[in-house]
Amino acid sequence: MTRRQARIQALQLLYSREINPEAEESVLPDQESSGHDEYAQKIITAVDQNQAAIDELISRYSKNWNTAQMNKVDLILLRVAIAEGKYMEDEELTPAIIINEALDLARQYSTDEAVRFINGVLDPAIKD
């Protein structure tokens, strides 16, 4: 599985939990039996362990928007990218790569307006 596929898997799982938190147990089995890619699991863990700090960064750099108002796909894309950029140690991941990957996923799963919004939030948030 490529890292992009792992990001998509993490995005799908985190989105599922975001829209239906009561189903968390059924959509996030334990790590050994999850069938999730190891990299996807690392992303999910980084988001889970740092969500408050990640959401604070998103709120700080998304002018006039708070996380409750955001499109859920866009919010999850931002959380995944910030988790990768700030909470996962990987020398291969530069801010440019992380932002580019997030924008590519936004083009695939969201709107053109979302691409601009995500780019505007991620650039300063990852460099913060």
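Before I start, a word on how to read the values: the model is predicted, so local features need pLDDT of at least 70 and side-chain atom pairs count only at pLDDT 80 or more, while totals for chains, interfaces and linings use all residues. Residues are numbered from 1 along each chain as its sequence is written, and side-chain values use heavy atoms, with hydrogens and water left out.

Let me begin with the overall layout. The protein has 6 helices and 0 strands, where helices (H or I, at least four residues) and strands (E, at least two) are DSSP runs numbered from the N terminus. Along the sequence, that gives the pattern α-α-α-α-α-α. Of the 128 residues in the protein, 45% are buried, and here buried means under 20% relative accessible area, exposed means over 50%, and partly exposed lies in between, using a 1.4 Å probe and protein chains only. If we take contacts (heavy atoms within 4.5 Å) between residues at least 6 apart in sequence, 71% of them join residues at least 24 apart.

Now to α4, where 12 of the 16 residues are buried. From its first C-alpha to its last, α4 reaches 21 Å, close to the 22 Å expected at 1.5 Å a residue; the expected span is 1.5 Å times one less than the number of residues. Its buried residues, among them D74, R79 and E84, pack against α1, α3, α5 and α6. At the N-terminal end, N71 caps α4, with a side-chain oxygen 2.8 Å from the backbone nitrogen of V73; that is a polar contact, meaning a pair of N or O atoms within 3.5 Å, where within protein one must be able to donate a hydrogen and the other to accept it, and residues adjacent in sequence count only if both atoms are side-chain atoms.

Helix α6, residues 112–127, has 16 residues and reaches 23 Å. Its buried residues include I118 and L122, and what covers the buried residues of α6 includes α3, α4 and α5.

Which residues have the most contacts inside the largest nonpolar core? They are I43, I58, L77, L78, I82, I118 and L122, in a core of 40 residues. A nonpolar core is a set of buried Ala, Val, Leu, Ile, Met, Phe, Trp, Tyr and Cys residues joined through side-chain atoms within 4.5 Å. Two or more residues come to this core from each of α1, α3, α4, α5 and α6. As a general background, nonpolar side chains tend to be buried together in soluble globular proteins. To take one example, L77 touches L11, A102, L105, A106 and I118, leaving out residues up to four places away in sequence.

A polar atom of the N50 side chain lies 2.8 Å from the backbone oxygen of A46, and N50 is 7.8 Å from Y87, C-alpha to C-alpha, although 37 residues separate them in sequence. N64, by contrast, is exposed, with a relative accessible area of 78%. It is found in the loop between α3 and α4, and N64 has a positive phi of about 65° although it is not a glycine.
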